Amino acid sequence: MSLDKEDPSIIKSIEKSKSDKFDCLIKILPNGLKALLVSDPETEKSSAALGVNVGSLTDKPDELGLAHFCEHLLFMGTEKYPIENDYEDYLSKNGGSYNAYTGTEKTVYYFEIDNKAFEGGLDRFAQFFISPKFNEGSVEREINAINSEFSKNINNDIWRLSMLFKSSLNPQSPFSQFTTGNLQTLAHPDIRERLLKMYNKYYSSEIMNLCIYSNMDLNTQINLVEKLFKDVPKRENFEMPCYDKVKPYDENNLAKFYKIIPVKEEDQIIFQWIMPFCSNYNAKPLKYLSSLFGHEGPNTLTACLKRENLINNLSTSTQDFVNVFSVFTIDIALTKKGFDNYKEVINIVLKYVDTIKNKELCDRYFEEVRNIGQIEFDFRNKQKARDFAKNHVTYLMLYKPEEVFTGLSLYKEYNKDLIKKYLDMFNLNNLYICFLSKSLEKECDLTEKYYGTKYPVEKLN
């Protein structure tokens, strides 16, 4: 085909960084699959990533880890390439590698390979979403592999805290569930049949996104994608799962104070505010506030706490849970003095929050944040092919096609009312505070079910 012809299935008006030297477009196939195609003649490797817009939130309570199990077993041969290790062998012989991950609301598969072998790799990759075999002989082995992953994560504080947070939510909500799976949750005689049912229900082309990064020109890429992915099935009567039929949180599971025994030898206080999801990613109110609370200049929260020798470090972050709710986090690493005076640290943080809430929003600071974001975007470093494909297939799911490169980084709108609305939500009624230290062991009489984290919990006063 010729790119000079008008084609409603092709989107060319994509905003790029000044440092982006590649050509790109988005192609939408007749089956609904959306593909971001990037042509970079200078790349030494080619890569592809496919994201399915469903993940572990689709797990039923009696088959926790099923979406993760699907991710593992999907690689075990296809009708066209039935030998189980064909894909892995082909990649390894051509300087390639592959991986995948299962998130709460998406599953992403990706690989990288030498340019000359890309078409063969992409053909094998596409077949996983057309006619996978889900090899029966691999079921037990892959369940054991999932259990090994789980066992490895038991002593990881990030996983432990994540599960404790989930378990604090409404138990009727899918957000409260254990997501990775283990030997116990997947030990069903008919687990493969359950997997096939889930795959045939949710793995539909209309919620799949593809990103290709290659030295091939765009015409060649379009023809290749049309040839290899046109047969990805579009499920009849497909319905996108709804995750907010049950509200994940209410007054019964908010405003809590946890004391937690961590694995690592570090004392911490973590503040987490639960807030409604914001769909306006061009305004980024929570990301803006994260920059504001995490600022390290004079008279900031970090400067105050460090001046008093109460903390070693302070960081802020935000996390969105699909389009249902978001979590704003202030994570503080305490000094010995900070541990001994942890209540003072908590009070200083909350007083600082109140101070910010009671001050007039500063247009100048927003402009500073916006300009920094623009500069970082315009002069960003070139990513490896594998990282580029893996990251941008995710952005394709989150942002408008034209803003697949800018959606994450750029502040395009100063919405003072929206920022103020979210700032006003910083109160005790939607706050968790977690106090972590091995010194708290005598106070911890509760145990989280999956990771064994010891803790007590009380209402936040």
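Trainee: How do the residues of the lining of the second largest pocket divide into nonpolar, polar and charged?

Mentor: This is a predicted model, in which local features need pLDDT of at least 70 and side-chain atom pairs count only at pLDDT 80 or more, while totals for chains, interfaces and linings use all residues. Residues are numbered from 1 along each chain as its sequence is written, and side-chain values use heavy atoms, with hydrogens and water left out. A pocket is an open set of points on a 1 Å grid over the protein atoms alone, where a 1.4 Å probe fits, with protein on both sides within 12 Å along at least five of seven lines, and its lining residues have an atom within 4 Å of a point. Counting Ala, Val, Leu, Ile, Met, Phe, Trp, Tyr, Cys and Pro as nonpolar, Asp, Glu, Lys and Arg as charged, and the others, Gly among them, as polar, the lining divides into eleven nonpolar, three polar and nine charged residues.

Trainee: Which residues lie nearest the centre of the second largest pocket?

Mentor: Helix 6 (residues 191-202) gives the largest share of the lining, five residues, where a helix is a DSSP run of H or I with at least four residues. Of the 23 lining residues, those nearest the centre are T58, K60, K201, Y202 and P241.

Trainee: Over which ring does the charged end of R124 sit?

Mentor: A charge sits over a ring if NZ of Lys or CZ of Arg is within 6 Å of the ring centre and within 35 degrees of the ring normal. The charged end of R124 lies 4.0 Å from the centre of the ring in question, that of Y90.

Key. Helices (H or I, at least four residues) and strands (E, at least two) are DSSP runs, numbered from the N terminus.
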